[in-house]
Structures are given as structure tokens and as C-alpha cells.
Amino acid sequence: MPPLPGVELVQTPLQLYRYLLRCCKQLPAKSMQQHYKHAIRQNFKVHADEDNPERIRQIIKRAIEDADWILNKYKDLKQ
């Protein structure tokens, strides 16, 4: 199950960036939100010059899977 509705619409790096920042808002602690927002910004900068469409699709797919895993991990800890 995807972390937020609209995940199927994420097709560009900018859409991914916005989507991941919205996912951070679901994390329970402000410090966790800040940590993951910083990591998202850093990864966005690292991959900013990527121009291979297949590689971009791989990065988007992996980032969404990772966001889903992180949100499920913290959801399970809260219960």
C-alpha cells in the first residue's frame, strides 16, 4: 500500500520531491521529519544532473518503496 494517495501520478523528479516531503509530514516526531527532509533534499541535489530516463524511473520507484517502508516502520512502532 503506498504511503499517500497520488503516488501513481509521480513521474518526474520534482513530483517525487514534493511527494516525499508530504510523506515526511506523516512521521510522528518533528526531529524525524527534519531528518528525512534533509535526506530528501540531499538526494535530490545528488541526482539533479541525472538525464537517463530509465535511471530516473528506477530512482523514483526505489524512493517510493523506501518511503512506504519508513512510514510502515514508524506506524508499526506506534501501535
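1. Basis. This is a predicted model, in which local features need pLDDT of at least 70, side-chain atom pairs count only at pLDDT 80 or more, and totals for chains, interfaces and linings use all residues. Residues are numbered from 1 along each chain as its sequence is written, and side-chain values use heavy atoms, with hydrogens and water left out.

2. Confidence. The protein chain averages a pLDDT of 89 (the predictor's confidence in each residue, from 0 to 100). Of the residues, 92% score at least 70. Among the chain's elements, helix α2 (residues 30–46) has the highest mean pLDDT, 95. Helix α3 (residues 53–78) has the lowest, 89. Helices are DSSP runs (H or I, at least four residues), numbered from the N terminus.

3. The whole structure was searched, and zero disulfides were found (a disulfide is a pair of cysteine sulfur atoms within 2.5 Å). Cysteine 23 is in no disulfide; its nearest cysteine sulfur belongs to cysteine 24, 7.1 Å away. Cysteine 24 is likewise in no disulfide, with the sulfur of cysteine 23 as its nearest, at 7.1 Å.

4. Burial of the cysteines. Cysteine 23 has a relative accessible area of 4% and so is buried (under 20% relative accessible area; 1.4 Å probe, protein chains only). Cysteine 24 is buried because its relative accessibility is 3%.

5. Glutamine 33. Where does glutamine 33 lie? Glutamine 33 is found in helix α2. Its relative accessibility is 12%, so glutamine 33 counts as buried. Leaving aside neighbours within four places in sequence, glutamine 33 is in contact with Cys24, Lys25 and Leu27 (heavy atoms within 4.5 Å).

Definitions and conventions: Buried < 20%, exposed > 50% of the residue type's maximum accessible area, 1.4 Å probe, protein only. Helix = DSSP H or I, 4+ residues; strand = E, 2+ residues; numbered from the N terminus.
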